[in-house]
Amino acid sequence: TGMGHRYIINAKNYIHTTVAYTRAGNRLLHSLVTDSLELMDYWQYNVNNSAVRVAIQGNTKFNSKHHLRYGVNYNRLMFDLEDRWIEGWGDVYKAIGVANFYQVYAQHKFRINSDVTFIGGLHASYFDVNGKFAVEPRLAVDWKFAPKHKLSLGSGMHSRQESLAFYFIQEEGTPGYINRHLDNTRAVHVVLGYDYQILPNLTLHAEAYYQYLYGVPVRKGKENAYSSINDDEAFEKRALENDGIGTNYGLEITIDKSFAKNYYVLVTGSFYDSKYQVSDEVWRNTRYNGNYITSLTGGKDFRVGKNGKNVIGVNVKFFYAGGRRITPIDLEASIAEGEQVNKPNSQFEGKVDDYVRLDARVRFKHNLKKVSWEVSIDVQNATNKKNEFNRRYNPATESIKKKYQQGIIPVLKFRVEF
């Protein structure tokens, strides 16, 4: 929940303030049936996240050439996690704490002339959990070098914290925190963009980018390939240090036919490479290095009824992406051991099958004088395609089995607008 307020000081100055409170939680309880047919709880996982966020932004327009934006953000973050196994099955970990995150920033937009605009800014932050400061300059320039053509170049430094569980996690019965000392992950971004207004409602946008990450949390020692870049878990139970690096670079192309004459089309393509390195100085694929993502989205509205006041809308989206990375399973070793054994020194060298999905939506909107209502049906994964998300060794069949995501998902909606 939240609220916002805008205070207009005069024709050239205003202040916008927002205050919000959010809360989210998750409770999991895993049980099994014993040989004596009794239900036994063996693992419990509870997490609660809440936050109070305050943002104050000021805007000053000095004249047609100079515009200044500045502000402060304050986040108070409250966290409570328990990861509990029954005795003999695993350890008990808890993460309880409160964090304060402070940010200040300023951005100056200078319109040199009708064709060239320069934007310079500075962002500073402080995170009181690890006591770390970050000061990050950011620069960008837009150049309209021809009536329908524009180039843009941007560069800047950015930083981020890990999940609060990383900082507050501790094993029950032991003093101190495992990773309270962790610094922020830092990154340098460079982006080159090109825009071409092909027709009044048709635009081509191309963007090449490079990102260098450093200070990434990795496990101590050279015998492990863990990096927080790949982490899809809530926290890490072993000691980490900020010695990892990573790179992301790629090209994104978008063709946008904006909504006109009752239809729109959007085509996107992204081709990229994502790598990381830990203490052993070996470059590896990240978990998310699928290398390509493409999509085609389109929709058309049909005016029906008296004077065309009602609308039947049809929308479709086709999505195709490279499969996420996995560590290959050594089938022969798994059979010999009777459990899954991954191939050594091959972290994220394998891939699951490519991801393919078609979504469709049909809606009917009835407009009255003071009210309108709309009924729609959204069909996610309309072709019921079985998209693979992981692979596991099955000791019963001594084979590798694919795990699949959920198939077709229909959603019926009804909405009234006053």
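**Close-up views of cores and rings**

**View 1. Arg180 places its charged end over the ring of Tyr177, 4.7 Å from the ring centre.** A charge counts as over a ring when NZ of Lys or CZ of Arg is within 6 Å of the ring centre and within 35 degrees of the ring normal. Lys300 likewise lies over the face of Phe302, at 5.4 Å from the ring centre. This is a predicted model, in which local features need pLDDT of at least 70 and side-chain atom pairs count only at pLDDT 80 or more, while totals for chains, interfaces and linings use all residues. Residues are numbered from 1 along each chain as its sequence is written, and side-chain values use heavy atoms, leaving out hydrogens and water.

**View 2. Here is the largest nonpolar core, with 24 residues.** Such a core joins buried (under 20% relative accessible area, 1.4 Å probe, protein chains only) Ala, Val, Leu, Ile, Met, Phe, Trp, Tyr and Cys residues through side-chain atoms within 4.5 Å. Phe79, Leu81, Ala99, Phe127, Leu164 and Phe168 have the most contacts inside this core. Phe168 touches (heavy atoms within 4.5 Å) residues including Phe79, Ala99, Val129, Tyr177 and Arg180. A second, separate core of nine residues includes Val216, Val218, Ile229 and Phe348.

**View 3. Tyr74 and Tyr102 form a tilted ring pair.** Rings of Phe, Tyr and Trp (its six-membered ring) pair if their centres lie within 6.5 Å, and are stacked under 30 degrees, edge-to-face over 60 and otherwise tilted. The two centres are 5.3 Å apart and the planes stand at 35°.

**View 4. Ring pairs link Tyr42, Trp43, Tyr45, Trp85 and Trp89 into a cluster.**

Key. Buried means under 20% relative accessible area, exposed over 50%, partly exposed in between (1.4 Å probe, protein chains only). Lists of a residue's contacts leave out its neighbours within four places in sequence.
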